[in-house]
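Work through the following exercises with the model at hand, and compare each step of the solutions with the coordinates.

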Amino acid sequence: AVAACRSDRYQALLLNAVSWIESGPWRIGPDALQRARREQPIATLATDELSRRLRAIVKKGKNLRDCGPGERHRVRICGKKLRYAAEFFADVFPGKRNARRRDALLSGMKDWQESLGGLTDIVTRTRLASQIAKAGHAGGEPREEREFAAGRIVGRQDGRRRRLLDAAEKAYDAIADCKPYWN
């Protein structure tokens with residue numbers, strides 16, 4: 001790593017990156033929209049971004065029990081984006097009150113993501129169990145034993161699914177009740 005950082009190639013990359021950051025076309029272009037975006041205060045950008053992402057979560061996360069696995073996965077990705085944005089913009093809004101609100105949001109987001117991730121895992125396990133049940137003679141065990149084992153796996157996941165949906169709804173309620181730390 002040290003040798004790579006000392007190489008001419010790496011040094012050229014750093015110089016090019018700094019040059020682009022300081023005087024790239026995005027920075028000096030005449031486009032009015034680009035100029036407005038680059039000149040707005042970071043707090044304005046952060047407020048808009050965080051508010052937009054939270055609204056999307058509150059809207060899309062209302063009826064998780066009615067969502068299919070694909071929709072829940074897409075909602076989880078939206079949650080990741082909000083969580084990462086909240087962490088990224090943390091220093092833009094200092095103060096104890098904002099820190100408490102941010103921590104509450106991040107805690108709810110973490111719990112929500114874990115629950116939704118667990119639900120995604122169940123879908124994967126169920127798909128794999130089905131493949132095991134349908135598979136040919138692997139290892140010599142009779143088909144009935146594979147089907148029984150697959151049924152056990154799927155049955156066990158049903159109870160877990162309910163617990164994870166309950167946890168996801170509880171985390172969603174905590175997120176929806178959070179006061180934005182960016183106002």
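Helices (H or I, at least four residues) and strands (E, at least two) are DSSP runs, numbered from the N terminus. Thr47 lies in one such run, helix H5. This is a predicted model, in which local features need pLDDT of at least 70 and side-chain atom pairs count only at pLDDT 80 or more, while totals for chains, interfaces and linings use all residues. Residues are numbered from 1 along each chain as its sequence is written, and side-chain values use heavy atoms, with hydrogens and water left out.

**Exercise 1.** Determine which residues Thr47 touches, not counting residues up to four places away in sequence.

Solution. With contact taken as heavy atoms within 4.5 Å, Thr47 touches Phe93, Trp182 and Asn183. Next, look at the polar atoms: a polar atom of the Thr47 side chain lies 3.4 Å from the backbone oxygen of Trp182.

**Exercise 2.** Find the residue whose side chain meets that of Glu49 in a salt bridge.

Solution. A salt bridge requires a side-chain nitrogen of Lys or Arg within 4 Å of a carboxyl oxygen of Asp or Glu. The partner of Glu49 is Arg52, at 2.7 Å from N to O, and both residues lie in helix H5, 3 residues apart, which is about one turn of the helix. The structure holds 6 salt bridges.

**Exercise 3.** Describe how H5 and H6 cross, and which residues make the contact.

Solution. Axes are lines fitted to C-alpha atoms, for helices over the stretch in contact, and angles run from 0 to 180 degrees between N-to-C directions. The axes of H5 (residues 42-60) and H6 (residues 69-88) come within 9 Å and cross at roughly 150°. Angles under 35 degrees count as roughly parallel, over 145 as roughly antiparallel, 65 to 115 as roughly perpendicular and the rest as oblique; H5 and H6 are therefore roughly antiparallel to each other. On the H5 side the contact is made by Leu50, Arg53, Leu54, Ile57 and Lys60, and on the H6 side by Val75, Cys78, Gly79, Lys81, Leu82, Ala85 and Ala86.

**Exercise 4.** Where do H5 and H8 make contact, and is their arrangement antiparallel or oblique?

Solution. The axes of H5 and helix H8 (residues 143-177) come within 10 Å and cross at roughly 140°, and that makes H5 oblique to H8. Leu54, Ile57 and Val58 of H5 make the contact with Tyr172, Ile175 and Ala176 of H8.

Key. A polar contact is a pair of N or O atoms within 3.5 Å; within protein, one must be able to donate a hydrogen and the other to accept it, and residues adjacent in sequence count only if both atoms are side-chain atoms.
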